[in-house]
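Hi there,

Here is the structure I promised to pass on. Have a look at it first, and my notes follow below.

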Amino acid sequence: MGIVVENVSKKFGSFQAVDRVSLEIESGSLVALLGPSGSGKSTLLRLIAGLEMPDSGKIWLTGKDATQQSVQERNIGFVFQHYALFKHMSVRENIAFGLDIRKTGKAKVKSRVNELLELVQLTGLGDRYPSQLSGGQRQRVALARALAVQPQVLLLDEPFGALDAKVRKDLRAWLRRLHDEVHVTTVFVTHDQEEAMEVSDELVVMNKGKVEQIGTPAQIYDHPATAFVMSFIGPVN
Ligand code: ADP
Ligand code: MG
């Protein structure tokens, strides 16, 4: 079992950011949370990560009640839109960060970092510093860092949002290939319909804190369940 969200709600003051959301994410799949700005995507992701606690409802991660687990116990990899790499650390040191704080042996860290550099196609750039990398390369370092500790779940909050259109397009295809290799259960937040359609096995369409529809890209495109989904997903005009 991957991730199960059961009737989860979250308010900020009187504002209902997440409203009775239920969904199941199959282990090993890549699911996109798609919706306009303010629809509750990031809040839902933060609830899954344990960075926010739900007002009501339950979250299960691989069969365990996550609301009883600390952020560390949830063992989640997180990448944000503006992921701050440590500027004073090399690419290698950035990727090794989570391993070092877990007191992993030196030789093991080195081989794992080499493996990850290859996985994110940055072999040869390990000794550079973040300022010497392009935006797309930096996000790939952030992904390698998140994957280093072999998380049970990978959460990506608009990871390519700050990059230009061409780079974003390349990274989409790259993320898909990476996922096919690594198979870690991944939730990918985006407000870009095309990105969600291209990258994901399944889509969760959100609006005003609620789930409007869940399905494969084809199901949602061919049979939008609500007027909102139709207008949001429909042919780009
Ligand atoms: P999305 O990621 O879909 O753009 P968010 O989950 O970030 O949406 O936010 C939904 C709404 O919840 C936003 O309009 C925001 O104002 C509100 N919100 C999110 N986080 C907080 C917070 N920590 N405190 C107060 N309001 C918040
Ligand atoms: Mg957001």
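Which residues are around ligand 1? They are F12, F15, A17, G35, S37, G38, S39, G40, K41, S42 and T43, where a residue counts as near a molecule if its C-beta atom, placed from the backbone, lies within 6 Å of it.

Before going on, a word on conventions. This is a predicted model, so local features need pLDDT of at least 70 and side-chain atom pairs count only at pLDDT 80 or more, while totals for chains, interfaces and linings use all residues. Residues are numbered from 1 along each chain as its sequence is written, and chains are lettered from A and ligands numbered from 1 in the order in which they are written.

As for confidence, the protein has an average pLDDT (the predictor's confidence in each residue, from 0 to 100) of 91, and 97% of the residues score at least 70. The ipTM is 0.97 and the pTM is 0.92.

**Around the ligand**

Two elements, β2 (15-25) and α1 (41-49), each give at least two residues to the shell around ligand 1. Helices (H or I, at least four residues) and strands (E, at least two) are DSSP runs, numbered from the N terminus. The biggest share comes from α1, with 3 residues. By class, the shell has 3 nonpolar, 7 polar and 1 charged; here Ala, Val, Leu, Ile, Met, Phe, Trp, Tyr, Cys and Pro count as nonpolar, Asp, Glu, Lys and Arg as charged, and the others, Gly among them, as polar.

**How the helices pack**

Let me start with α3 (residues 91-101) and α4 (residues 106-119). Their axes come within 10 Å and cross at roughly 125° (axes are lines fitted to C-alpha atoms, for helices over the stretch in contact, and angles run from 0 to 180 degrees between N-to-C directions). α3 and α4 are therefore oblique to each other; angles under 35 degrees count as roughly parallel, over 145 as roughly antiparallel, 65 to 115 as roughly perpendicular and the rest as oblique. On the α3 side the contact is made by R92, I95, A96, L99 and D100, and on the α4 side by V109, R112, V113 and L116 (two residues are in contact if their C-beta atoms, placed from the backbone, lie within 7 Å). That contact has 6 nonpolar, no polar and 3 charged residues.

Next, α4 packs against α5 at an angle of about 135°, with the axes 10 Å apart, so this pair is oblique. R112, L116, L117 and L119 of α4 make the contact with A144, L147 and A148 of α5. Its residues divide into 6 nonpolar, no polar and 1 charged.

Finally, the axes of α5 (residues 135-148) and α6 (residues 165-182) come within 11 Å and cross at roughly 20°, which means that α5 is roughly parallel to α6. Here G135, G136, Q139 and L147 in α5 meet V167, L171 and V182 in α6. This contact has 4 nonpolar, 3 polar and no charged residues.

Best wishes
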